[in-house]
Structures are given as C-alpha cells and as structure tokens.
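Hi,

Here is the structure I promised to pass on. Please have a look at it, and then read on for what turned up around the ligand.

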Amino acid sequence: MLTVEHLTKRFGANTAVDRASFTVDRPMMIGIIGRSGAGKSTFLRMMNRLTDATEGRLLFEGRDVLQLKGAEKRGWQSDCAMIFQQFNLVPRMDVVSNVLHGTLARRGTLATMFNLYPREDIHRAIDILERLGIAAHAAKRAEALSGGQQQRVAIARALMQDPKVILADEPIASLDPMNAQLVMDSLRRIHDEDGRTVIANLHTLDTARRYCDRVIGMRDGRIVFDGTPAQLTTGVARDIYGAGADFSENATSTEIRDPVATAIIRAAEVAV
Ligand SMILES: Nc1ncnc2c1ncn2[C@@H]1O[C@H](COP(=O)(O)OP(=O)(O)OP(=O)(O)O)[C@@H](O)[C@H]1O
Ligand SMILES: [Mg+2]
C-alpha cells in the first residue's frame, strides 16, 4: 500500500535524508528511531508533503504522491495526518473547534472563516473525543488542558480527517511518563481497531519496542535498520545511535561525549 523509493532531501551540501526506501504492505505501527539530526523529522515531512523531496518516489496505492499538486496534494495531506511534539493546537480556541479544524482540507474558505461546521461533523468530533477519553473537556480552551490531554486533542483532530496513515513526530517527547503512555496507548488502539498505519518518530528505544510492530533505525539520513523489536539487539542499537567503536573504550568517556546515546544504549541493554 505504501512504497518509499530512494527518498532524498538535501539542504545545500547537507543530505538530511539519503535514499531512504521501505515498503508497508499492510497496516502497521512503525517506530522510527535515531539520534538527533538523523533525518527523522525531514523524512516524515517529505511523506506529508510539508517539505519537497529532492529525489525519490512515494507510492501510495499506486500513485506517486510526491507529484500531486493543488487539490490532489491536499487530498493526500488529508489521507496522511500529522501529529507534532508541540501539539500545534490553536491555544485560545475551544477543544471541539480545534478538532473540527481536521476537516479544513475538504471545506471551503468561507465556511472556515465563519466557523460553520455541519452538525454531523460536530457530532463526529464529540464521538472521537469520547473515544480518546477527553470529551469532558470539549468546551474548554485547548490551553487549559494538560500536555497529554492536548496531544489527545491533536490525535482527535487527525482522526477527524479519517486518515489512512498517521504520522507522528515525537508525539510524546514533551510529556511525562504517564501521559506519554496514554498517548501511545491511544495511537496503538487507533492502529489496532481502525487498521490505520501509524508511523511515529520516537526518541526512546523502549517506546519503539513496546508499541511498534516494526522499527526503522536512521543514521546520518540513511535507513540502517528495518526489522522487528526482537531483532533490535544491543549491537543494532549501537549501530543506529552511532556510539560504535567509541563505546567500547570506557563508559565514562562515552557518557561525557554523548550522554543521550549512552542512556539509550543502557536502556537497550537492560531491555535485551
Ligand atoms: N529547514 C532546514 N534547513 C536546513 N537544514 C535542515 C532543515 N531541516 C533540517 N535540516 C538538517 O537536516 C538534518 C536532519 O534534521 P531532522 O530535523 O530531520 O533530524 P531529526 O532526526 O528529526 O532530529 P531530532 O531528533 O533532533 O528531531 C539535520 O542535519 C538538520 O540540521
Ligand atoms: Mg526531529
């Protein structure tokens, strides 16, 4: 259903994503991992057409979505919803209106300007909020909700588009562990119950292992691992996070050089 071929993004001399290829042949929950700057966000942004690819193709149900323009491009962006680390809600607007914004891609400008929504859309928005356990907050301003609640509003807004694919860029990076779990549980349930493909950039191995059927590891713009959580061994984690040869010297110096990579690899060792 989804084939990415040699997807590449160059910013001047810097290749942010380098000939990335993979195929999704059935709905899956996929985690993308890799250290800061590996190209994870750029990869998702190209998929959603928020940024143009330098080279490559992205075939979805037989069409190259990177070639789409105008209404067809917006149609793809509606089929492929995006969730961000910082939620990207309108803070002063109420929760239901934020969710209804998910229908923007297919509504006219005038109706949007005057906030005119069909009754059935409003009912659907409330149903989705109920499903995510936050209907009680429907009338509050988005800014009055906790981070975890706001991220679930963002997921509700995505669902309002009835997307086939949900892309999530570090959806839990700003949340405490309890809210992170609620948000990941919601994404997993949406995948299990609706059969939607979820592709999420995740900053910890542990989350990728726990929630995803498949993990893609990126390093320096390239896909260096593509497999199941069980195949994601400590050695593979070292490859992805790039501590490699340095890591064997001694833990203390590695820690000083790269505390994040060290913490991630430690977590992998505990989990293996
Ligand atoms: N708009 C831009 N202009 C120039 N360079 C960019 C731009 N966006 C990203 N880059 C570069 O592309 C590379 C990949 O960045 P990207 O944001 O995709 O990484 P990431 O894996 O999402 O990192 P993080 O984990 O920190 O979010 C980096 O070297 C970054 O500096
Ligand atoms: Mg990123």
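**Around ligand 1**

A backbone N or O atom of Ala38 lies 3.2 Å from an oxygen atom of ligand 1. Before going further, please keep in mind that this is a predicted model.

Gly37 also reaches the ligand through its backbone: one of its N or O atoms is 2.8 Å from an oxygen atom of ligand 1. With Ser41, a polar side-chain atom is involved, and it lies 2.8 Å from an oxygen atom of ligand 1. The protein covers 57% of the 640 Å² of accessible area that ligand 1 has on its own.

Which other residues are around ligand 1? Among them are Phe11, Asn14, Ala16, Arg35, Ser36, Gly39, Lys40, Thr42 and Glu170. By type, the residues of the shell divide into 3 nonpolar, 6 polar and 3 charged.

Two elements, strand 2 (14–24) and helix 1, each supply at least two residues of this shell. Helix 1 gives the most, with 3 residues.

**A closer look at helix 1**

Is helix 1 mostly covered or mostly open? Helix 1, which spans residues 40–47, is mostly covered, with 6 of its 8 residues buried. The buried ones are Lys40, Thr42, Phe43, Leu44, Met46 and Met47.

After helix 1 comes Arg49, which has a positive phi, near 70 degrees.

Happy to go through any of this with you.

Best wishes

How values were computed:
Residues numbered from 1 in each chain as written. Chains lettered and ligands numbered in written order. Predicted model: local features only at pLDDT ≥ 70, side-chain atom pairs only at ≥ 80, totals over all residues. Heavy atoms only, no water. Buried < 20%, exposed > 50% of the residue type's maximum accessible area, 1.4 Å probe, protein only. Helix = DSSP H or I, 4+ residues; strand = E, 2+ residues; numbered from the N terminus. Near = heavy atom within 4 Å. Polar contact = N/O pair within 3.5 Å; in protein donor to acceptor, adjacent residues only side chain to side chain. Areas by Shrake-Rupley, 256 points an atom, 1.4 Å probe, with all protein chains shown as cover. Nonpolar A, V, L, I, M, F, W, Y, C, P; charged D, E, K, R; others polar.
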